[in-house]
Amino acid sequence: MKETLRALFERQGPISRIGVIGMGYVGIPSAAVFANCPEFDFVWGFQRDSPTSGYKIDLLNAGKSPLVGKEPELDALIRNAVETEKFACTSDFSTISEVDAVTIAVQTPFRNPKDLLPDFGSLEGALKDVGANLREGMLVVLESTVTPGTTEGFARDILERESGLKAGEDFALAHAPERVMVGRLVRNLREHDRVVGGIDEPSTKRAVSLYAPILTSGRVIPMSATAAEVTKTAENTFRDLQIAAINQLALYCESMGINVYDVRAGIDSLKGEGVSRGLLFPGAGVGGHCLPKDTYHLERGVKVIGGRVDYPDNSESLFVLARQINDFMPKHMLSLTVEGLKRAGKAQKGAKIALLGWAFLKNTDDARNTPSEVYYSLCIDGGAEVVVHDPYVKRFGSLHPRAQLEDAIRNADAIAIFTDHDEYRSLDPALVREWCDTAHPVIIDGRNILDPEPFIERGCIFKGIGRGDINHHAIRESRA
Ligand code: SAJ
């Protein structure tokens, strides 16, 4: 009789060699954390030697992190892993056959949200690479966020087809969604509870044994693979929904002439009870690899594996509506810009706009799906000239953000703040007024990081998302 998967694992012993596919924001810290864990002997990082990402291989093998921006602990963990010969990076995917467990952390974007069409190209490539090198007794874990149903369906099919083996009989398969945020990758990996869902009980157990050793304060939460997929997509959908709620409130406050932050503080005074647990911040938009698309994975999951949904007739999904509100925010930033320019006697056409912040998250270089890009295009389409500044993002396609604030702000008619990078909090009103060299520079604070008064005092026209209290302030005499 064929040996069961459970018996196979018992004979094989604990997981000692791990492979991590995809050397990005999730794969790099995961590999570093696994490699620094005494329970594991060796970690391979797998990275294609492509023109855009191939450089990461040599960097990692030299003990250096290819990620820019503040990422506490990561550099030291990578250096130590390489020095102790517990980690190496390779483009030779056949090495996958040497490991006991392989995790996949690649991008899973959406090609077309309207038709709920995901782009699983990278995921498919990674699954094929794993499938072609799969051995009996191996554990495969999807860490990328996926449409519910993907682990049991799409992923299982590819792995079985490529390997000729059977999931649940010859190898274990699970979903353990990453829940990290750029800027605190290592801490999140160790401290966040880890949802781990196998396609069956032995798969869940084996996957739990992979993640339990790296958790310091976090604990493992076992469930089914599909439940894990729904958990991850739902948690990001809810976050998006909460941001949309406060964004809508901000738009209402602007129209009613009040300050959304006063209202927010009022609601928040419930101190963690009731509604204030879900109180987030309004802003210039929602970017990143996750929030802009995870709602669509959830919506698609219901279509792919769900039955009839009992829902009000002819009503749009609350979650999709939330996405639309958040997608609207960079457009609202443009409306505020145009109104401000008008007050200064200027038009969008021919105006010079300094766009501060290209990264979607503060103090990082992560610019995936950045709302700044939407605003940038809208400004250009309307005939404005835009100069972008970001202290961390050096290049984005053909765009090269300036590293010096003065280079972006000099002679600007308007300054739009999109990212709450620390550097922008100390923006000096006198310097801004001097650099702009115009009587009434327009400032649009998309992240509520500036105190408007010192700017207004110097003649600036100040606008902020949700700042109904100041958006129509009287314009003061210009004072340099
Ligand atoms: N944002 C707001 N207001 C807020 C919070 C965020 O406008 O109150 C905007 C940010 O400016 C940014 C976007 O939303 O443009 C996303 O920010 P984020 O703080 O959610 O950062 P992400 O996308 O890197 O992280 C999310 C996280 N999800 C949750 O906190 C529930 C993280 O835990 C996930 O691991 C991550 O998505 C992911 O990889 O899925």
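The model is a predicted one, and its chain is divided into domain 1 (5-218) and domain 2 (224-480). The second largest pocket takes at least three lining residues from each of domain 1 and domain 2, and the count of cavities of 30 Å³ or more comes to 2.

**Domains**

- The centres of domain 1 and domain 2, taken over C-alpha atoms, are separated by 33 Å.
- Across the two parts of the chain, 31 residues of domain 1 are in contact with 30 residues of domain 2.

**The second largest pocket**

- The second largest pocket holds about 860 Å³ of space, and its lining is made up of 32 residues.
- Of these lining residues, Pro113, Pro292, Tyr296, Val320 and Arg323 are the ones that lie nearest the centre of the second largest pocket.
- Helix H11 (291-305), helix H12 (318-343) and helix H13 (371-381) each contribute at least two residues to the lining of this pocket, and the largest share, 9 residues, is supplied by H12.
- Sorted by class, the lining of the second largest pocket comprises 17 nonpolar, 7 polar and 8 charged residues.

- The buried residues of H13 are Pro371, Ser372, Tyr375 and Cys379.
- Because these buried residues fall within an arc of 100° when H13 is seen down its axis, they line one face of the helix.
- The elements that cover the buried residues of H13 include H12, strand E11 (352-356), strand E12 (385-389) and strand E13 (414-417).
- Just after H13, the residue Gly383 takes a positive phi of about 90°.

**The largest cavity**

- The largest cavity has a volume of about 40 Å³, and the residues that line it are Pro177, Arg179, Val180, Asn188, Leu189, His192, Asp193 and Arg194.
- By class, the lining of the largest cavity is divided into 3 nonpolar, 2 polar and 3 charged residues.

**The second largest cavity**

- The second largest cavity contains about 30 Å³ of space, and its lining consists of Ile28, Ala31, Ala32, Ile78, Ala81 and Phe87.
- Helix H2 (27-35) and helix H4 (74-83) are the elements that give two or more residues to the lining of the second largest cavity, with the largest share, 3 residues, coming from H2.
- The lining of the second largest cavity has 6 nonpolar residues, with no polar and no charged residues.

- Just after H4, the residue Glu85 takes a positive phi of about 55°.

Key:
Residues numbered from 1 in each chain as written. Predicted model: local features only at pLDDT ≥ 70, side-chain atom pairs only at ≥ 80, totals over all residues. Heavy atoms only, no water. 1 Å grid on protein atoms, 1.4 Å probe; cavity = no way out; pocket = protein on both sides within 12 Å on 5 of 7 lines; lining within 4 Å. Points joined across faces, edges and corners; volume = space filled by probe spheres on them. Helix = DSSP H or I, 4+ residues; strand = E, 2+ residues; numbered from the N terminus. Nonpolar A, V, L, I, M, F, W, Y, C, P; charged D, E, K, R; others polar. Domains from an automatic or database assignment. Contact = heavy atoms within 4.5 Å. Buried < 20%, exposed > 50% of the residue type's maximum accessible area, 1.4 Å probe, protein only. Arc of directions from axis to C-beta.
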